Amino acid sequence: MENRGPELADNNVRKQPLVAEVMNDQVKKTEETLEALRRAEQKYRSIFEHCLEGIFQTTPEGKYISANPALARMYGYESAEELITDLTDITRQLYVQSGRRDEFIRLVRENGQVLEFESQIFRRNRSVIWISESARVVHDEVSGEVLYYEGMVQDITRRKAAEEERDQANARLSVQYAVARTLAEVRHLGEASRKIVQAICESVGWDFGDMWRLNPETNLLHCVDIWHAPEFDAHELIETTQKTTFASGVGLPGRVWSSRKAFWIPDVGLDTSSPRGVLAASGGLHGAFAFPIMQGTDLIGVMEFFSRGIHPPDDDLLSMLSALGTQIGSFVQREQLANQLALYADNPCD
């Protein structure tokens, strides 16, 4: 038998540099791949950390998985970690308007994404800003299960303030016209009260309004009319309002009575001294204002309004509504004089 031992050994020696070269190439390629991944991750991390817009991922249950520093600053937190730790129930803690998170989830699940979803939200210190969200739903590739939502957030508070200022100016003109038209169409305030409440609500875009009249016999304010937006469930608030009376200085209507001045409350939920205000807040209402109906120097009634949004005081609107209160009071006075004249005409000898 031929002895090939030395030849095989020689072949193995020659193959060793080839194997080493292949291994070195693989190691080099692996290192290049890892370096490319590292650079890509670094690039993504830089975008995530330094983006001027908020970036987030949230679970379907309403918890933050991740957030970038811009979102933390926007929401009033020192760091993203602090935001994630503190904001554990987005539905309850973040949105001003109840049901807003549910609407976000419905839209993103139906369409796979949602664009420019505008909402009022609470910052950490309970101040309120407007945001615009654009997000998409992320599914498990195998099961199709919703894993999380991810997207971006912009602070649009300045734009919304400019829009609100423009809308308020238009609303003031609309209210003046609507009330004047309503008073011109009726003979008695009883016929006009609900129409006036509705006209003011619809003109300023608020959700609930009522009118209170001062009863001389009880010396208390009694509710005589209520209107609310069709989509707003106000059953409990309506029932409570109809049963409630106010003395001077008690509740928002009573404060208007005692001061003879209009009042504006950005968020009634923060006014724990008013049980009815707390009830309104529990029903999703926040903003409130009320103004007196005056007859000379005497108060004869109060008009009160609530909104699901939180609104900064609008002094121009309050001033205009106070003037309307005097106009309504003059209408009542003319109505009383007309009734007295009619009574005298029927009974001239009395």
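**Terms and values**

Author: In E11, Phe 305 is the bridge partner of Phe 289. The model is a predicted one, in which local features need pLDDT of at least 70 and side-chain atom pairs count only at pLDDT 80 or more, while totals for chains, interfaces and linings use all residues. Residues are numbered from 1 along each chain as its sequence is written, and side-chain values use heavy atoms, with hydrogens and water left out.

Reader: Which strands of the open sheet are called edge strands, and why?

Author: The open sheet has six strands in the order E8-E7-E6-E11-E10-E9, with antiparallel pairing. Its edge strands are E8 (245-246) and E9 (263-265), each of which pairs on one side only. The labels themselves are DSSP runs numbered from the N terminus: helices (H or I) have at least four residues and strands (E) at least two. The chain has eleven helices and eleven strands on that basis.

Reader: How do you know how confident the prediction is, and where is it lowest?

Author: The guide is pLDDT, the predictor's confidence in each residue, from 0 to 100. The mean for the chain is 85, and 81% of the residues reach 70 or more.

Reader: What span is expected of helix H5, and what span does the model give?

Author: The expected span is 1.5 Å times one less than the number of residues. H5 (residues 100-111) has twelve residues, for which 16 Å is expected; from first C-alpha to last it reaches 17 Å, close to that value.

Reader: Which residues of H5 are called buried, and what makes them line one face?

Author: Buried means under 20% relative accessible area, exposed over 50%, and partly exposed in between (1.4 Å probe, protein chains only). In H5 the buried residues are Arg 101, Phe 104, Ile 105, Leu 107 and Val 108. Viewed down the axis of H5, they fall within an arc of 165°, and therefore line one face of the helix; the arc is that of the directions from the helix axis to the C-beta atoms. The exposed residues Asp 102 and Glu 110 are carried on the face turned away from the buried side. Among the elements covering the buried residues of H5 are E1 (54-58), H4 (90-93), E3 (113-122), E4 and E5 (146-155).

Reader: Why is Arg 172 called buried, and what does it touch?

Author: Arg 172 lies in H6 (residues 157-185). Its relative accessible area is 16%, so the residue counts as buried. Leaving aside residues up to four places away in sequence, Arg 172 touches Asp 314, Asp 316, Leu 317 and Met 320, where contact means heavy atoms within 4.5 Å.

Reader: Why is Arg 126 called partly exposed, and where is its place?

Author: Arg 126 is in the loop between E3 and E4. Its relative accessibility is 46%, and so Arg 126 counts as partly exposed. E3 and E4 pair in the antiparallel sense over eight bridges, with Ile 121 opposite Ile 129 in E4. They form a hairpin with five residues between them.

Reader: What is noted about phi of Arg 126, and about that of Asn 219?

Author: Most residues other than glycine have a negative phi. Arg 126, which is not glycine, has a positive value near 75°. Asn 219, likewise no glycine, has a positive phi of about 55°; the place of Asn 219 is the loop between E6 (208-215) and E7 (220-228). With a relative accessible area of 47%, Asn 219 is partly exposed.

Reader: Which residues of H9 are buried, and what do they pack against?

Author: In H9 (residues 251-259), Gly 251, Leu 252, Pro 253, Gly 254, Val 256 and Trp 257 are buried. They pack against E6, E7, E8, E9, E10 and E11. Just after H9, Arg 260 takes a positive phi of about 60°.

Note on methods: Pairing = 2+ DSSP bridges.
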